[in-house]
Each structure stands twice: as C-alpha cells, then as structure tokens.
Amino acid sequence: MRIYALAVYLFLYIPIGIIALFSFNAGRHASQFQGFSTQWYGKALSNPFVMDAFQTSLSVALASAVLATLFGTMAALALQSVSGRLRLAFDALIYIAVMVPGIVIGIATLIALVTLFGWLNPILVAIWPFAAKAPQLSLGYGSLIAAHGLFAMALVIIIVRARMAGMDRSLIEASADLGATPWGTFRQVTLPQIFPGILAGFLLAFTFSFDDFIIAFFVAGSQTTLPVYVFSSIRRGVTPEINAIGTMVLAVSLMMLIAAQAILQRGHKAA
Amino acid sequence: MESNLKPSSETEDAPIAELREASKHYGAVVAADGLNLSIRRGEFLSFLGPSGCGKTTALRMLAGFEAPTSGDILLDGQRVNEVPPHRRPVNMVFQHYALFPHLTVAQNIAYGLRQRRPRPAEGEIARAVDRALETVRLPGFGPRRIWEMSGGQQQRVALARAIINQPKLLLLDEPMAALDKKLRRDMQIELQTLQRSLGITFILVTHDQEEALSMSDRVCIMRSGRIVQMGSPRKLYDRPASRYVADFVGKSNFFSGRVTAVEAGRTELAAAGGHLIAGGAPVEIAMGQTASASLRPEQIALHRKGAGGNTLPVTVINRIFLGEHTEYLVRNTDLGEFLVLVSRQAEAIEGEFEPGDQALASWQDGAALILGDD
C-alpha cells in the first residue's frame, strides 16, 4: 500500500520536479542537463512578452480576487440567515461551481459573454448620444476578471462559511448584550473572527486566477495571461525559459497556498 | 418631597423587573408558560429547575435575546418587549463566558464602555477596567490574552466585563457549570459577597440546587415552563408546596398513599402495608386523594429497640460515612428503601449499624409533610 502510494506521488510530482530542475539548466535542451545556471530566469524576466503577460495575470488575479473576496464574504454572511430549500439550492450551486471542469466553465462563459455582447452592442450603438463612435463590449480584461471572479467567489464562500461555522454564536449575543449595535457587533466581533477565512479566501482566489489556463484561454480575447503565453510558446518547443516561467508560477502559487493554510491554522488556534 | 419628583418606578420598593404572563412558544413547544414574577431591587434571585424547564428562556427574555410570544417584560416599570438587547441596561455572564478571543482581557472588559455614546475618554475607561479587575481579584491581568487564562480566571473576566456597565440586572446563565467543584464553591461565596457589595440585582439560572439554595435570597423553582414555587431557600426546604419541590430542594424520602384524615394542622396518609403517616400539609389536600408523605433523611432516627407511633422496622442495606453524619440506606418490607441520616451524637448512643442489622426507624410527630403528587 505504501509503495503504491509512493508510486502515485512520484508519478504526480516527478514531471513538476523535472520542470523545476531543467529551469536551472545551463544548456538550451529540455532533455539534457548541462550544468547549473539561472540564466533562463534572467532571460524570462527580460522578455517583454513574458513581462507583459505577467502583468496581465497579476492585475487580473488581483482584481478578480478582490471582487471574489468582497462578494463571496457578503454572500457567506447573507447565507447565514437563509435556511430550508433555498439554502440547499444555494449550497448545491456553490459546490457545482467548484466541481464543474474548467473547460465546461470556459466554453460556457465564452458563449454566454459573446451572446450577451451580441445583444448589448447594437443597443449601445442605438442609444449612444455623442458623435464619436459608440464603445463596443468585447472579450479582454473585463471578461477575464468577471469569469475568474465569479468562480473564485464560490471558493471564498465555502472558506468563509467554514470559518463562520466554527465561530461561537454566543460571541455575537455577548456583544449585543454589552451594548454594541448590529453594525458595531459586525465590525468588532464578526469581522475579526472570520478575517482569517476572508484572507485565506483571497489568497486562494488569487491563486485560482493566477494559475488558470483553461478559462483564460477562452475568454481572454486579445489579452495574454502568463499560462496562456506558456501554452502558446510550448508549440514552438519546450525551452528552459518556459521551465523557468513555470517554476516561478508554481512558486508563487505554492507560497499563496501555504500562506492561506497557515492563516487558517492560526485563526483556528486563536478561536 | 423628592419621591414626588421621581417616577414611581424609581422608588425603593418598586420591582426592578417584572414578567407578566410572559410566554414563549417555539412552534408547538412551550418553553415558558405564563410566567409571573416580580424581581426586587438588589436581590439575588435564582431560577432552579432541570434542563428544559424554561429557566434559560426566562433569562433570555429579560436579556432581550427572546421576545415573549405573549405577555410583557418590564424593566424599571417600562415595557421592554421590543427593546433589542443592546439597548437594555442588563448584562449577562454566559455559560461558556463568550469572551472575545481576539481581544485582551482589558479590551474584553472595556468592551461595554466603548459602545457608549458619547464614548468615555480612554483614561476613564482604563481606570474603570483597573477597578473592575481589582473587584474580581485579577489585578494586573489586563494585557493577557483570553486563552492564557484558566477557566476560573475566564469566569472572573466575564464577570468584570458585565459589572463594569453597572447594569440594572446581572444575568448569570449557569456560570459555574464549567468549573470544578472546589473552584465552584469558592466562586459561589465570591459571587455572593460581590452581589452584596455592588448592590446590583443578580439573577442566576442553575440546575444545581445546592448552588441556588446557598447563594440566593429567593429561589424560583420551575418545571415545564412554569413557576412551581417561589420563596426563600429556607421556606422552600421547610414548606415545599409539592412533592416535586421537596424532591428538588434537598434530599427527601417519599411514601405514596391515600389521604385518610384531614384535621386542623394534621393530615394523615395511609401508605403501603397500612402504615399511617401523619404530618402537616403546606397546601391543602382533600380526603381520599393520592399524595406523598415526605420525610427528610435527617428527620428519621435509627434505634436498636423501642416502640410507639411513627416507627418502622427496617433492615440496614448500606452505609455511607459522610464525616459528621452517616447516611444509611434501609429497607422496610412494605415501604421499600429510604435514606436515614444519623449524626455522630446519635451514633454515640446507639452505636454503628452494620449492613444486615435489624433496626427501628422513627420520627417525631409532625415531622412528615403530606404533599400533592404533581
């Protein structure tokens, strides 16, 4: 059993390890290690296309994580007072959003957005009061942020709600009993109590967006995120530069995940 | 002169809080059923009863966490049914303390003062916190975190957090349930002392009769959402109105039977085997009714021989040494097993009884109480 488990882990992680290893390759072959070097990192970081894609990824991840955290937390709070069938329906929808394969979400989002734009753009033209050309909605930053934000919101809801479930209800009563208004109680008790969950949700939402290739591939329009850039470069062959980018993305994601876990753990201990 | 200027609700003898026909229903479940109660200014009152008897519901209606389904809650003469908890001059010590884990001890205690508008000056808050810590004998503990405090210390912090607001009522919801026995005893004495020195009206909810009897001025015994009897601990012990109360307050032996004679100050009950037990009836009881005779273990004596009324032949089953007293479990062939508490003095005369010994259990005329069975 342990050998079997070991084999599974090796199968999962060796390819990732190889990517990280070959990112330090001195030569330019992806299959032959020719000595240690960090030159490919330098090359990747000075490549304007890479830096452009990195910037796009970073701003999309930040914006969608902020939106997802804000609306996800609000939804989690609101769902506290929803019960019965409605609650069940919401729970099901949230878990479906997390479990549906990325490709389905990607295609569905693309079709939905294109259809929506097809409806809205003629209306925009019709009601535009100025002489200049009416703005047209199209795929790009906005659609990326919206799609990532929407699906990361489900993650945030789940994490914040788990945190709220672990919170002692009598703390809220105690706060009210001591004279705090409902808003005062929210600000002084509820928010500090669920804050680790909110922060962890933010980090996971950020990672979700930063890592995502499939949804971005469909809805990015003319924008290129880092994973999309990596995918398009790979068609010209795997170079150590790609390995270096992949390793950096991996490092950022791992750091975020570890930070999120640490925050949740510490918050759990304090509560 | 001055009393004319004050509204009548602020005079000394007006109740500080009242429940008037207060009921609370949760769907078909009746948690509180027409509670009528008037709470005196500065008293220590306990709600005593088993879980689910409505004592916590009564407390939560006073705090404002539950609105009565019907009836009224009055605080200082004002109807407060719709007043939310944060606008009631009432504070609560929660069962598991409900201290804010993200705040320090001092911040927890200052919480109530910081909610006031206009907000008191920081220096004033700090002084009040220090005074409160002094009062609960935790001076210097202000900067500590909550999880660094022991259970007993957390309880004191919860107390300080409540009394700093000088509430009209201090509500205590089973505050000692999480403490070990020794600590609980100390805390009971401390609470009682504190209540006297502060002059705040304390309302305690507990299922621990010893706690209720030892601390309170008055005890309110509850059952199935109703108040069964209310009075001083001594009155409840000496003159319980029903078998339920006698059973809940102190230990007692009960012998069921039928009432065979009712005279002035003397009611007679025929128990199993035709044994006649006579005694007083705190609540009037009709001839022929089924009832119970209640005899406290300390009211029964054990003898080797003797005769006369109020005597039952028994066999000693078990003996528990309690220090100043010895508790014997004895059995009468007709009436079954019951407890007898024998003092050291009495034992010195009669000697110790061993399990298996034959003895005579006797009690003085009028010691028994004849009580209705509800």
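Mentor: One term is needed before we start: a residue is called buried if 20 or more other C-beta atoms lie within 10 Å of its own. Please also keep in mind that this is a predicted model.
Trainee: Understood. Which residues of α3(B) are buried?
Mentor: The buried residues there are Val105(B), Ala106(B), Asn108(B), Ile109(B), Ala110(B), Tyr111(B), Gly112(B) and Leu113(B). Helix α3 of chain B covers residues 105–114, and because eight of its 10 residues are buried, it is largely enclosed by the rest of the structure.
Trainee: And what covers the buried residues of α3(B)?
Mentor: The cover includes two helices of chain B, α4 (122–135) and α5 (151–163).
Trainee: What joins Arg117(B) and Pro118(B)?
Mentor: Those two residues are linked by a cis peptide bond, with omega at about 0°. Pro118(B) sits in the loop that runs between α3 and α4 of chain B.
Trainee: Changing topic, what is phi of Tyr97(B)?
Mentor: Its phi is near 70°, which is a positive value in a residue other than glycine. Tyr97(B) belongs to the loop between β6 (90–93) and α3 of chain B.
Trainee: Is Tyr97(B) buried or exposed?
Mentor: Tyr97(B) counts as buried, because it has 22 C-beta neighbours inside 10 Å.
Trainee: What about Ser224(B), where is its place?
Mentor: Ser224(B) is in the loop between β9 (218–223) and β10 (226–231) of chain B. Its phi is near 45°, also a positive value in a residue other than glycine. With 14 C-beta neighbours inside 10 Å, Ser224(B) is therefore classed as partly exposed.
Trainee: How many helices and strands does chain B have?
Mentor: Chain B has 10 helices and 20 strands. Its C-alpha trace spans about 80 × 50 × 45 Å along its principal axes. Of the 374 residues in chain B, 41% are buried.

Note on methods. Residues are numbered from 1 along each chain as its sequence is written. Chains are lettered from A and ligands numbered from 1 in the order in which they are written. This is a predicted model: local features need pLDDT of at least 70, side-chain atom pairs count only at pLDDT 80 or more; totals for chains, interfaces and linings use all residues. A residue is buried if 20 or more other C-beta atoms lie within 10 Å of its own, exposed if 12 or fewer, and partly exposed in between; C-beta atoms are placed from the backbone. Helices (H or I, at least four residues) and strands (E, at least two) are DSSP runs, numbered from the N terminus. Two residues are in contact if their C-beta atoms, placed from the backbone, lie within 7 Å.
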